[in-house]
Amino acid sequence: MQELSLNVLDIAQNSVVAGATLIRVSVEEDRRAHRMVIVIADNGCGMDEETVKRVMDPFYTTRTTRKVGLGIPFYSMQAKMTGGDFSIQSKVGEGTTVTASFVTNHIDCLPLGDINATIVSLVQCNPDIDFLFTRKIDSQALEMDTRVFREILEGVPLNTPEVIAYISDYLTEQTQIIQGERNES
Amino acid sequence: MKSLAELQAIRDKMKGSVGLRKEDGEDTIRVVVGMATCGIAAGARPVLAAFTEEVAKRNLHNVMVTQTGCIGICQYEPVVEVMAPGKDKVTYVKMTPDKVARIVSDHLVNGNVVTEYTIGASAKA
């Protein structure tokens with residue numbers, strides 16, 4: 001993967017397959033401390049302890065087309081090689097939370113990349129699942145909650161092209177604000 | 001600033017339009033992008049975004065852009081399958097955002113498969 005946001009897109013697919021109805025993605029960055037924490041949490045079917053251990057193994061996968069499953073091992077490696085950390089908490093029937101932390105000034109730390117494109121892709125492909133995306137840079141934060149959008153849309157699907165364009169523009173704008181590139185409130 | 005009022009306006013427009021998409025409609029063309037680890041690593045996300053954008057630009061209400069997992073031909077990723085009602089499935093391989101506009105205009109709008117981008121052409125080369 002060329003950027004961490006692609007790992008997020010990849011890992012979130014597991015939540016989709018787990019039958020989640022709500023997937024939370026949070027990216028928190030502390031620029032002074034050079035730390036970034038990415039959390040992907042779902043309310044899907046969850047895994048038992050044994051399975052949680054096995055998903056770290058590249059030779060474990062639930063897919064049927066190949067014998068390897070590299071999503072989790074790749075992502076874990078990318079966190080750990082920066083001096084960061086990686087963990088999976090899961091409970092059958094309750095859901096799974098994948099937490100990865102990164103030391104952002106480490107030479108091996110990949111850029112976050114276009115996280116907004118990841119979120120928009122997820123909404124586009126899974127219009128029936130709700131997504132709560134939060135991003136924090138130092139003290140500035142943004143939030144995007146498809147449950148709020150869904151309520152306003154009254155049955156118009158979230159993946160309607162006009163709605164997707166709206167969400168994309170909304171995220172771009174909010175990101176500029178929290179990055180301090182735009183001075184509106 | 002993007003306001004929620006803007007979203008309300010989109011809703012009212014969509015609800016008022018006769019062309020509100022029926023995802024399981026009989027004339028719906030499905031564009032399916034492979035989005036497993038292999039597809040994403042090979043560049044599926046910008047391909048998906050390009051399809052979404054192009055379909056929106058042309059106002060194609062009978063096209064649904066969606067995703068699938070790994071279909072087993074990882075060496076050909078990004079892979080995009082086009083399923084049009086009553087026609088054979090067409091598999092486009094080694095996709096890039098640059099190839100998208102032509103597939104939308106030639107195949108999705110006019111019904112002509114872009115043979116040179118398909119898996120058949122790629123396997124021969």
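**Notebook: a covered helix, the A–B interface, a helix pair**

I began with helix α3 of chain A (residues 71-80), which is mostly covered, with seven of its ten residues buried. A reminder to myself: this is a predicted model.

I listed the buried residues of α3(A) next: Gly71(A), Ile72(A), Pro73(A), Tyr75(A), Ser76(A), Gln78(A) and Ala79(A). Then I looked up what lies over them. From chain A, the cover includes α1 (4-17), β2 (35-42), α2 (49-55), β3 (85-91) and β4 (95-103).

I found 33 residues of chain B in contact with 41 residues of chain A. The two chains bury about 3,400 Å² between them, and 61% of that is on carbon and sulfur atoms. On the chain B side, I noted Met1(B), Lys2(B) and Arg45(B), which supply 23% of the area that chain B buries against chain A, more than any other three residues.

My last stop was a helix pair within chain B. Helix α3 (residues 44-57) and helix α4 (residues 97-109) of chain B pack at about 40 degrees, their axes 9 Å apart. I therefore wrote down α3(B) and α4(B) as oblique to each other. Their crossing is right-handed.

For the contact itself, α3(B) brings Pro46(B), Val47(B), Ala50(B), Phe51(B), Glu54(B) and Val55(B). From α4(B) come Pro97(B), Val100(B), Ala101(B), Ile103(B), Val104(B) and Leu108(B). Sorted by class, I have eleven nonpolar residues, no polar ones and one charged residue in this contact.

Note on methods:
Residues numbered from 1 in each chain as written. Chains lettered and ligands numbered in written order. Predicted model: local features only at pLDDT ≥ 70, side-chain atom pairs only at ≥ 80, totals over all residues. Heavy atoms only, no water. Axes fitted to C-alpha atoms, helices over the stretch in contact; angles between N-to-C directions. Helix = DSSP H or I, 4+ residues; strand = E, 2+ residues; numbered from the N terminus. Parallel < 35°, antiparallel > 145°, perpendicular 65-115°, else oblique. Left-handed = near helix turned anticlockwise from the far one by under 90°. Contact = heavy atoms within 4.5 Å. Nonpolar A, V, L, I, M, F, W, Y, C, P; charged D, E, K, R; others polar. Buried < 20%, exposed > 50% of the residue type's maximum accessible area, 1.4 Å probe, protein only. Buried area = accessible area lost by both parts, 1.4 Å probe.
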